[in-house]
Amino acid sequence: MKKWRVLLLASFIIIAGGCIRKSILDDINILTVIGYDYIDKNSIKGTALIPVYETEKILNETFTTTSIASQDIFEELQHESSDPIAQGSLEMVLYGEELAKKGVIPIIDTLQRDSRIGTRLYLAVVNGTANELLKGKYGTRGNGIYLSNLIRQNIEQRDIPKTNLHKFLYAYYSDGRDPFLPYIQKEKDKVKIVGIALFDGDRMVHYIKESDMFYFKILVDRYTEGTYTIQMADNQYAAVKSIVTDRNFFFSGSKERPNITVDIEFRGILHEYSQRKYNKKIKQKIETTFEKEIVKETSKLIKHLQSHQIDPIGFGEEAKSRYRNFSYKAFYENYPTLDIKINAKVTIIDSGIVD
Amino acid sequence: MFNWFSKKQNKQKQTSSFNTTSELLHVLAQSMDFEKQTFTNSHSQQRFWVSYIVPLVDFEIVQKNILPYLLHSPIETLDDIKQMIPVEDIIITSDVTTAEEKMHEGYLIVQFHEFASEGALIKAQRNVIRNVSIPEVEFSVVGPKETFLESLEINLHLLRKRIPCNKLTVKILKIGKLSKTKIAIIYLKGIADEENVNTVTQRISEIDFDQITDSSYIVQLISDNQKSPFPQLLDTERPDRVAAILAEGKVAIIVDGSPHALIGPTTLVEFFSSFEDYFLNWYIASFFRLIRLFSVAFSVLITPIYVATLNYHYELIPKDLLGTLITSRREIPFPPILEALFLELTIELLREAGARLPTKVGQTIGIVGGIVIGTASVEAGLTSNVLLILVALAALASFTTPVYKMGNTIRLMRFPFLLFAEFWGLLGVVFCFCFLMGHLLQLTSLGRPFLEPIYPLRVTDLKDALIRLPFSQQSKRPQHLRPEQPIRFSKKKAKQKKDIDE
Amino acid sequence: MQAISERFKISPFLVFFAVSSMQIGIGVLGYQRIIAKSAGYDAWISVILAGIAGHITLWMMYSILQKTNGSIVETNQQIFGKLIGNILNLLLALYYTALVVGVLRTYIEVVQVWMFPDLKIEVLAAAFMLLTIYIVLGGFRAVVGVCFFSIILPSYLILTFVYTFEYANFRMLLPIFDHSILDILKATKDMTLTILGFETLFIYYPFIKNAGQSKKWAHLAILSTTLIYVVITVITFAFFSEKQLQKHIWATLSMWKIVEMPFIERFEYLGIATWTIVILPNICLAAWCASRIVKQVVNIQQKYALIVLSVICTVAVCLIKTRENVNLLNDMLGYVGFYFLYGFVPFIFILLHIIHKVRKKG
């Protein structure tokens with residue numbers, strides 16, 4: 001039968017000429033975190049973090065090198081490493097603040113061009129230098145897992161809006177939206193999220209403080225979990241845990257200068273109330289106080305964003321989907337002076353297992 | 001497959017190389033287990049010569065039913081023998097071919113002259129058979145516990161007992177220049193497709209082979225694609241299974257001297273259905289069938305995927321697993337392919353050693369091999385413990401295949417997959433799968449597609465393929481057999497629905 | 001022309017798999033960018049239009065084939081006479097061969113870029129062609145079997161798009177009809193390469209049992225592929241922002257990068273590997289068609305035609321070295337395919353009708 005000769009021939013061809021360079025799991029250095037810092041106009045410093053797996057724990061090994069471009073840094077790092085460095089399992093990329101202010105796209109370009117790098121990759125801006133942050137030692141499972149879990153759990157359950165490489169690039173390439181990234185800082189043997197870095201294009205221009213992150217998240221994202229404490233009066237606090245938040249945009253007026261209304265809906269449960277008595281009246285009171293608080297804080301935040309000419313919330317995109325023949329240019333010329341109104345509606349659906 | 005029809009008609013008529021009976025007896029006498037005795041009839045004083053091959057003859061029959069009558073009844077001619085001796089099969093012939101054939105089956109030849117060409121052949125066959133025993137290869141917890149034996153008559157008896165119906169038709173052919181093995185083709189007339197029966201009959205009668213020892217010879221000789229590693233006829237040792245498939249409209253082949261019957265035409269999915277599936281509730285049976293299907297896929301693919309991933313696709317590994325894999329691999333000096341081949345071959349060794357040794361020793365070997373070699377090789381740093389678990393699981397999974405021959409094929413299939421995985425990673429695994437798919441698509445069993453009912457898709461036949469639907473749904477015989485009588489029972493009655501409290 | 005034995009024919013419903021598996025191939029990995037270039041995020045309308053155009057062409061094809069009661073080879077011979085008809089037929093064989101080359105080379109390109117940058121083109125091409133020879137030697141039924149499995153087995157891939165919903169912003173598709181009709185029609189033209197494939201029906205039509213019954217299945221096939229394309233288009237547009245999409249050559253693959261399962265962190269590697277099964281029927285069926293035409297025209301055994309064609313394909317694939325050339329080939333294929341589907345088929349359709357009318361009168 002000819003068919004068998006075909007099979008034989010096929011295997012022969014593969015064996016004879018089909019060898020591909022392997023990257024056997026234990027013979028490579030798997031890069032998990034890489035940090036970039038600005039040195040001067042022509043060079044950046046790259047710090048790579050490679051976990052060393054021991055039977056009981058994971059140790060951190062860092063390599064530092066300076067080079068002109070990001071891809072070069074991978075190459076330069078190879079000079080220091082005993083095993084080839086593989087960037088396919090990269091989980092996080094950090095940018096020093098100074099670099100972020102100069103623009104990150106030249107570096108991010110490698111990440112989006114390289115097919116081996118995933119798009120669930122987390123990006124973050126470091127207050128200080130990435131090098132310094134990566135030299136520390138956090139947690140028992142290695143810095144890589146610590147850092148990526150830190151961001152992940154804060155996205156899933158706290159107040160960082162959903163962010164990763166894909167989200168960043170989506171916003172960067174979108175005409176009607178500006179990117180943002182988590183802003184972190186080293187604190188002794190921990191890393192803390194201190195805010196959200198805001199970008200104009202690929203340049204960091206400003207950041208949102210920790211206390212405003214909640215309001216920022218309800219504006220850009222669907223907030224699912226997290227507790228927020230409001231002050232009702234002196235010594236009167238109520239902690240509300242959010243279940244669902246949602247926001248809707250309404251546009252009216254001309255497409256160059258629309259009037260924008262944002263409806264924020266918040267549903268949550270009462271988590272803690274400092275006073276002894278809790279009843280329907282107090283429930284309403286908490287709700288209205290919280291509503292006012294949301295309107296006040298988010299309006300302030302939006303004003304702030306408008307004054308910096310940045311749009312991480314994506315008003316431009318929302319406007320585009322509502323008007324025909326929309327022009328981003330005209331919209332953003334008027335953006336700083338646009339009238340943006342916030343309506344908030346807070347519903348407390350229950351108060352735990354006691355009244 | 002159609003080279004069957006182009007094959008030369010090389011069936012020559014079986015003729016003896018001897019010219020006369022005495023010449024035949026002379027040649028037979030060269031063997032020392034041949035006996036030739038002279039007696040004299042007490043009535044007619046007629047002398048006669050009785051010759052036979054000693055090991056083939058049952059002396060009890062000779063002493064009780066033959067000799068007394070030969071000696072003391074009035075016998076003058078050979079025709080008298082036929083009337084006097086109470087044995088059911090007596091042939092009077094001068095044909096050397098018949099004489100030769102019958103003597104080898106345990107007949108005596110009685111001649112009135114030492115060199116006469118004519119003689120009476122009297123049946124005195126000795127049958128040595130064991131008792132009907134419990135199925136060992138296709139064991140089932142519930143259900144009948146009898147197996148076929150090495151005797152065609154008994155096997156047919158077991159079948160006839162289960163199908164007391166005059167539709168059951170048996171065709172017997174004799175194949176093998178030396179062994180002259182009796183081969184029975186069994187089917188239900190009016191239910192089985194005549195075309196299938198004809199294909200089987202034709203292929204078997206075209207066999208040109210000297211010795212047929214077992215039914216597995218027949219499988220290899222009449223398969224559509226003899227170069228395929230896949231068995232294309234199902235073999236079974238269970239009379240109940242054969243009875244069931246005959247009722248479906250298939251054809252069974254039983255070979256004298258073999259305790260395994262063959263079933264055809266068969267399909268790939270049939271190899272993964274155990275007959276016990278029909279004894280269990282259909283939910284449970286379907287669940288087990290899916291488990292088996294999954295275990296086959298697992299068994300074939302898991303080591304190749306391990307090799308592919310570790311060689312090329314470290315990106316795929318979840319980061320929580322990365323640490324486990326790296327630490328277990330760190331000490332190993334070999335690349336993943338050698339590690340995998342080493343372990344796979346160890347398992348094959350254990351299996352082969354266990355199969356060749358007596359049952360009790362075999363079990364010990366299994367335990368010693370499994371535990372000692374496994375643990376030791378991990379501790380010595382020859383293999384990683386993750387792979388050890390995977391290979392052991394894969395071996396276990398391959399044993400869930402109910403048909404032994406298919407289990408072997410599955411274990412063999414792993415090696416090309418491993419090779420492709422080593423060279424092209426996941427792409428190689430899929431590529432190899434494409435070859436397998438192409439091969440299975442071209443395979444036929446007795447001219448019927450092997451992948452049926454999946455391809456060509458026959459939705460009605462899916463009722464008893466990957467899952468087994470309840471008997472009330474099985475009112476029709478499988479379409480791919482083209483049965484002459486497709487309806488098994490009235491579907492209406494089975495599907496009658498009653499209202500509440502009726 | 002000897003009649004085709006019943007044993008080698010396929011059931012009418014299998015035409016569904018033959019048509020749809022041939023359509024889904026290499027185009028679906030990255031057509032989004034191309035159609036969005038001219039019609040922006042209104043391009044999903046173009047996908048629907050392309051589907052409708054496909055339906056009309058298919059209807060014409062059935063009408064042509066039913067009139068001739070044979071394959072396009074006989075139609076061409078009947079209409080244009082032996083010489084010109086056969087030249088046309090050989091051009092058709094060339095077209096199918098080019099289809100093999102285009103699909104195979106593009107897939108190799110994908111594998112090189114996404115998985116193995118140092119994989120040798122020659123090796124993968126030769127291996128693929130050997131696989132093709134092996135399958136096509138099994139006959140048309142085996143080829144359709146491959147088509148069948150190439151729809152059934154990779155169908156799980158559709159489910160993976162659920163993972164992208166988390167990042168999808170369907171608002172971006174609004175407002176509908178923000179682009180001119182002309183732009184949308186241009187995108188429809190750009191869709192040709194992606195919906196191409198059902199024209200193989202021209203050759204295997206005589207291999208269908210009760211060919212008339214297969215018509216509904218063929219239409220159903222085009223309908224379902226169009227539906228799949230629309231879904232993928234809409235998801236892609238919601239997933240990428242417009243300028244970001246323009247950067248991604250293989251948008252479908254880029255979307256898989258976001259898929260993460262507990263046991264597999266990066267899905268695109270599995271997806272690309274599985275895509276082998278998807279493109280296999282493209283290659284096999286086209287190779288079968290090409291060799292079948294050669295057999296009918298030149299009167300040599302199909303297996304020799306097949307082997308010669310495979311060698312030609314392998315060499316041709318190896319000669320295309322750069323991405324520019326791959327793109328050029330695909331553009332050419334789309335171009336030729338466009339005129340084949342919307343020029344040649346209607347032309348033959350009208351011509352055949354006129355001829356039949358004239359004959360009836362005469």
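Start with the salt bridges: this predicted model has 48 of them over all chains.

**Stop 1: a bridge between chains**

Select C:Glu166 and A:Lys162. They form a salt bridge, with the closest N and O atoms 3.9 Å apart. This pair crosses between chains. C:Glu166 sits in the loop between helix 7 (157-160) and helix 8 (181-190) of chain C. A:Lys162 sits in the loop between helix 6 (143-157) and helix 7 of chain A. Is C:Glu166 buried or partly exposed? It is partly exposed, with a relative accessible area of 41%.

**Stop 2: bridges inside chain B**

Move to B:Glu146 and B:Arg162. Their side chains meet in a salt bridge, 2.9 Å from N to O. The pair links distant parts of the chain, 16 residues apart. B:Glu146 is in the loop between strand 5 (119-123) and helix 6 (152-162) of chain B, and B:Arg162 is in helix 6 itself. Colour by accessibility here. B:Glu146 is buried, at 14% relative accessible area. B:Arg162 is partly exposed, at 33%.

Next, select B:Arg329 and B:Glu339. Their salt bridge brings the closest N and O atoms to 2.5 Å. B:Arg329 lies in helix 11 of chain B and B:Glu339 in helix 12 (residues 336-356), so the pair ties together parts that are 10 residues apart in sequence.

**Stop 3: where chain A meets chain C**

Show chains A and C together. The contact takes 39 residues from chain A and 36 residues from chain C. About 3700 Å² is buried between the two chains, and carbon and sulfur atoms give 53% of that area. Which residues of chain A lose the most area to chain C? Pick A:Arg120, A:Tyr170 and A:Tyr173, which together account for 18% of what that side buries.

Now look for charge pairs. There are five salt bridges between chain A and chain C. One of them joins C:Arg171 to A:Glu318, with the closest N and O atoms 3.9 Å apart.

Helix 1 (2-17), helix 4 (105-113), helix 7 (165-173) and helix 10 (315-320) of chain A are the elements that give two or more residues to the side touching chain C. Helix 1 of chain A supplies the largest share, seven residues. Colour that side by residue type. The chain A residues there divide into 11 nonpolar, 12 polar and 16 charged.

**Stop 4**

The area buried between them is about 2800 Å², with 65% given by carbon and sulfur atoms. Select B:Tyr314, B:Lys319 and B:Phe423. In chain B these residues lose the most area to chain A, together 25% of what that side buries.

How many salt bridges lie between chain B and chain A? The count is three. A:Arg141 forms a salt bridge with B:Asp320, the closest N and O atoms being 3.2 Å apart.

**Stop 4: the nonpolar cores**

Show every chain again. The largest nonpolar core holds 227 residues. Which of its members touch the most others? Select B:Leu246, B:Trp424, C:Tyr96, C:Phe202, C:Trp275 and C:Trp288. Then highlight helix 15 (residues 404-442) of chain B, which gives this core its largest share, 21 residues.

Conventions: Residues are numbered from 1 along each chain as its sequence is written. Chains are lettered from A and ligands numbered from 1 in the order in which they are written. This is a predicted model: local features need pLDDT of at least 70, side-chain atom pairs count only at pLDDT 80 or more; totals for chains, interfaces and linings use all residues. Side-chain values use heavy atoms; hydrogens and water are left out. Contact means heavy atoms within 4.5 Å. Buried area is the accessible area (1.4 Å probe) that two parts lose on being put together, summed over both. A salt bridge is a side-chain nitrogen of Lys or Arg within 4 Å of a carboxyl oxygen of Asp or Glu. Helices (H or I, at least four residues) and strands (E, at least two) are DSSP runs, numbered from the N terminus. Ala, Val, Leu, Ile, Met, Phe, Trp, Tyr, Cys and Pro count as nonpolar, Asp, Glu, Lys and Arg as charged, and the others, Gly among them, as polar. A nonpolar core is a set of buried Ala, Val, Leu, Ile, Met, Phe, Trp, Tyr and Cys residues joined through side-chain atoms within 4.5 Å. Buried means under 20% relative accessible area, exposed over 50%, partly exposed in between (1.4 Å probe, protein chains only).
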